[in-house]
Amino acid sequence: MGLDIYYNPASQPSRSVAMFVKLNKIEHNDKVVNLFKGENKTPEYLAMNPSHTVPVMNDDGFIICQSPAIVKYLADKCKTADHWYPSDLKKRAKVNELLDWQHTNIRKHGSGVFFNIKLGPLFGLPPMTPEQVDEKYKELDGSLTLIEGFLKDQKFLCGDEITIADLFIANEVLQPTMCERDIYENHPKVKAWMDRVRERLNPVWGEMVGVFEQIVSGIGSG
């Protein structure tokens, strides 16, 4: 049976998990889930994850449905390079702190922009007013300002080595860049950090983001 990773490249947490296993050359089976065709709501999928979300990890019958838990589990099980999820207690705590932070901050606000602008019309939501759009971007701007504070003068969020916190948060920052406004205009430090993440994670980053961009370009085209 082996290790199965169920994911969709349009999902930020999915990309983080898929990138992590590919970057660390962890032997696994790619199981791409077509969300637009409802493959996440089949009886077989719901038996693994009643919440019908992606990603899902099935490791020989051991199932985990939350992306940070998947990556932490694989980092420990597969003994990946220590910089990803440090064994040092205090360094690990800082990574965990940022992973907890991102759920209700950059994930919430980045998704708020992307979903409402790109996906809302597909789900029959009424178009947002210019004032509503401005408010979504204002919320996102607040999260980007906090990221600048986390970076200080470091190369990455927890120091000068990349961690899984960078992986997850960079994928969240990427999502709203698919909309019309330049989110980096007032945040050059975030842009420089994103460039470092991309350089550090290529070619895996570029390959996965390329698939995501194809999905976005096809939204609403038929």
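In the predicted model, Ile5 has Asp30 of strand β2 as its bridge partner. This bridge belongs to the pairing of β1, residues 3-7, with β2, in which the two strands run in the parallel sense over four bridges. Helix α1 packs on the sheet and touches both β1 and β2. The direction of α1 makes about 145 degrees with that of β1.

The sheet as a whole is open and consists of four strands in the order β2-β1-β3-β4. Its pairing is mixed. The edge positions are taken by β2 (residues 29-32) and β4 (residues 62-64), each of which pairs on one side only. From one strand to the next, the twist averages 15 degrees.

Several features of the backbone are found in loops. Asp60 lies in the loop between β3 and β4. The phi angle of Asp60 is near 55 degrees, a positive value in a residue other than glycine. A cis peptide bond joins Val54 and Pro55, with omega at about 5 degrees. Pro55 is located in the loop between α2 (residues 43-48) and β3 (residues 56-59). The peptide bond from Asn202 to Pro203 is also cis, and its omega is near 10 degrees. Pro203 is placed in the loop between α8 (residues 188-201) and α9.

Aromatic side chains were examined next. Five aromatic pairs are present in the structure. One of them is formed by Phe20 and Trp84 in an edge-to-face arrangement, with 5.7 Å from centre to centre and 85 degrees between the planes. This pair links distant parts of the chain, as Phe20 belongs to helix α1 and Trp84 to the loop between α3 (residues 67-77) and α4 (residues 89-103). The two residues are 64 residues apart.

The largest pocket of the model has a volume of about 840 Å³. It is lined by 30 residues, of which Ser11, Leu35, Val54, Arg107 and Leu119 are the closest to its centre. Val54 is also the residue joined to Pro55 by a cis peptide bond. Two or more lining residues are given by each of the elements α1 (residues 12-23), α5 (residues 106-119) and α9 (residues 204-217). Helix α5 supplies the largest share, five residues. By residue class, the lining of the largest pocket divides into 16 nonpolar, twelve polar and two charged residues.

The lining residues of the second largest pocket divide into three nonpolar, three polar and six charged. For the largest pocket, the corresponding division is 16 nonpolar, twelve polar and two charged.

Key
Residues are numbered from 1 along each chain as its sequence is written. This is a predicted model: local features need pLDDT of at least 70, side-chain atom pairs count only at pLDDT 80 or more; totals for chains, interfaces and linings use all residues. Side-chain values use heavy atoms; hydrogens and water are left out. On a 1 Å grid over the protein atoms alone, a cavity is a set of points where a 1.4 Å probe fits but cannot get out, and a pocket is an open set with protein on both sides within 12 Å along at least five of seven lines; lining residues have an atom within 4 Å of a point. Grid points are joined across faces, edges and corners, and a volume is the space filled by probe spheres set on the points. Ala, Val, Leu, Ile, Met, Phe, Trp, Tyr, Cys and Pro count as nonpolar, Asp, Glu, Lys and Arg as charged, and the others, Gly among them, as polar. Two strands pair if DSSP finds at least two bridges between them. Axes are lines fitted to C-alpha atoms, for helices over the stretch in contact, and angles run from 0 to 180 degrees between N-to-C directions. Contact means heavy atoms within 4.5 Å. Rings of Phe, Tyr and Trp (its six-membered ring) pair if their centres lie within 6.5 Å; planes under 30 degrees apart count as stacked, over 60 as edge-to-face and the rest as tilted.
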